[in-house]
Amino acid sequence: MLGMNSKNASRTAGSRRITLSTIAALLALAPGSIAAAPADKPPDTQTAGLWQRWETFQELPLPTESTAALIDFVLTPSVFDKARVDLGDLRLYDAKSREVHYALRIRRPVSVDQTISAREFNRAAGPNDSSEVTLDLGSDAPEHNAVEVELPDLNFRRRAQLEGSADGQEWKTIVESKNLVHFRADDRELDDRRVVYPPSRFRYLRLRVYQDPQVDKKPVEQGAVTVHRKVEVPGEFVTLPARLEPREPVAAGAGPGSAWMIDLGGVNQPCQKILVEIADPEFARDYRVEAVEPEGSWQPFEFVASGSWSRRAGDALRPLTAEFGERTAARLRLVVTDYRNPPLDLRSVEFVAPAREVVFARDETLQGPLRLYYGNPLAEPPHYDLERNLPAQLEPSPERLGLGLPQQNPDYLPAPLPLTERLPWLIYIVLGTASLLLALVILSLGRVSLALHDAR
């Protein structure tokens with residue numbers, strides 16, 4: 001009897017394993033697991049028509065006669081309105097459906113510090129108990145404008161002298177006297193061991209370092225000496241008009257005030273500052289700038305910047321500036337505290353942001369017009385090699401082209417909806433079936449437990 005019960009229990013356990021596996025398979029189709037169809041791969045370079053997931057495009061005419069190695073264009077507000085926030089869905093193709101590799105650059109001002117290759121070939125004692133190091137930058141020496149040296153000890157002030165030569169025989173003074181210092185006290189530190197000079201192409205450099213009479217008893221032993229080229233690359237900014245909506249009276253915190261909505265002309269517009277034209281000849285007001293959050297946010301406005309504007313009688317009527325860290329927005333809100341003064345007469349608003357520049361290499365095989373596709377939230381960023389290899393400063397400058405008007409992609413097909421949205425009734429069938437099978441498992445386990453109890 002016990003053997004029969006054990007056999008029944010074994011058979012029931014086996015059927016329970018089958019049922020559980022069935023439930024697992026059904027639960028795999030549960031709402032949380034029913035995902036959208038995978039994103040289409042970006043169009044390849046062989047087959048045309050595979051950009052059906054890209055909603056919008058703008059054409060770019062290619063110049064017929066040009067010798068520039070690089071070509072660029074600046075993205076327009078219409079691109080930000082439809083493209084992803086990170087612009088990772090941009091794709092560029094020529095008239096033969098060949099993919100064009102590009103580099104996307106945000107043209108903020110940057111400081112570039114490049115280390116120049118140099119060979120040290122002479123260390124010697126110099127005049128007046130100094131030490132000197134001579135460097136050879138090669139026969140085709142690039143432009144350089146700084147030398148940095150490692151020095152021993154702390155809390156010193158040592159005078160340095162830098163000379164240059166084209167042939168290693170005749171030397172000219174580049175920097176007569178520069179104090180190299182390195183002081184440290186508590187949590188503060190002053191470290192300046194770099195000699196900066198006007199841009200030069202001398203092949204040979206000779207650096208002399210003299211003793212600090214307060215701390216040095218013998219000539220200073222110089223450490224590694226490196227040559228640098230530090231370049232300040234200017235940014236490029238785009239100024240665009242914004243739409244100024246009518247004034248609204250508001251409570252501005254400290255007193256009565258005025259508020260104006262500023263429409264930037266689309267979603268995800270980069271903005272770093274606004275330029276406000278005010279007609280009043282004389283005023284002094286506090287202001288704050290807020291970003292208008294999307295509907296449904298827990299707060300309607302987010303603080304961006306604040307400050308004061310003033311103009312005296314007789315001052316030129318220049319636009320007033322409110323500058324803040326760059327952000328993306330569709331609308332801004334300008335709030336001015338008026339107190340008992342009449343509201344300001346705002347005439348117009350412009351917004352400024354660093355240009356988004358697209359650079360690609362000129363290729364004689366490219367056929368125009370090119371097309372810039374965007375508007376695919378499922379596309380992966382392309383990460384072309386050109387973007388990583390392109391230097392910060394382009395010399396000579398690329399040839400600038402202009403984008404055409406945005407056009408709807410006639411081949412556009414929206415991404416398929418998730419299965420749960422296409423077949424909403426399927427959720428109830430899956431859950432109902434899973435519940436029924438789970439009830440059968442519980443009933444089966446109860447019978448097995450009763451049988452084992454009776455057997456004992």
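I began at Ile274, which touches Ile262, Val289, Leu320, Thr321, Ala322, Phe324, Leu332, Val349, Glu350 and Phe351, residues up to four places away in sequence being left out; a contact here means heavy atoms within 4.5 Å.

I noted that this is a predicted model, in which local features need pLDDT of at least 70 and side-chain atom pairs count only at pLDDT 80 or more, while totals for chains, interfaces and linings use all residues. Residues are numbered from 1 along each chain as its sequence is written, and side-chain values use heavy atoms, with hydrogens and water left out.

I then looked up the largest nonpolar core, which has 26 residues, and found Ile274 listed with Val289, Trp309, Leu332 and Leu334 as those with the most contacts inside it. Such a core is a set of buried Ala, Val, Leu, Ile, Met, Phe, Trp, Tyr and Cys residues joined through side-chain atoms within 4.5 Å, where buried means under 20% relative accessible area, exposed over 50% and partly exposed in between, with a 1.4 Å probe and protein chains only. Among the elements giving two or more residues to this core are β18 (269-278), β19 (283-292) and β22 (331-337), strands being DSSP runs of E of at least two residues and helices runs of H or I of at least four, numbered from the N terminus. Apart from this core lies another, of 22 residues, including Ile71, Leu92, Val100 and Tyr384.

For the whole chain, I recorded five helices and 27 strands, and buried residues making up 39% of the 456 residues.

Lastly I checked Ile429, which is found in helix α5 (residues 425-455) and is partly exposed, with a relative accessible area of 45%.
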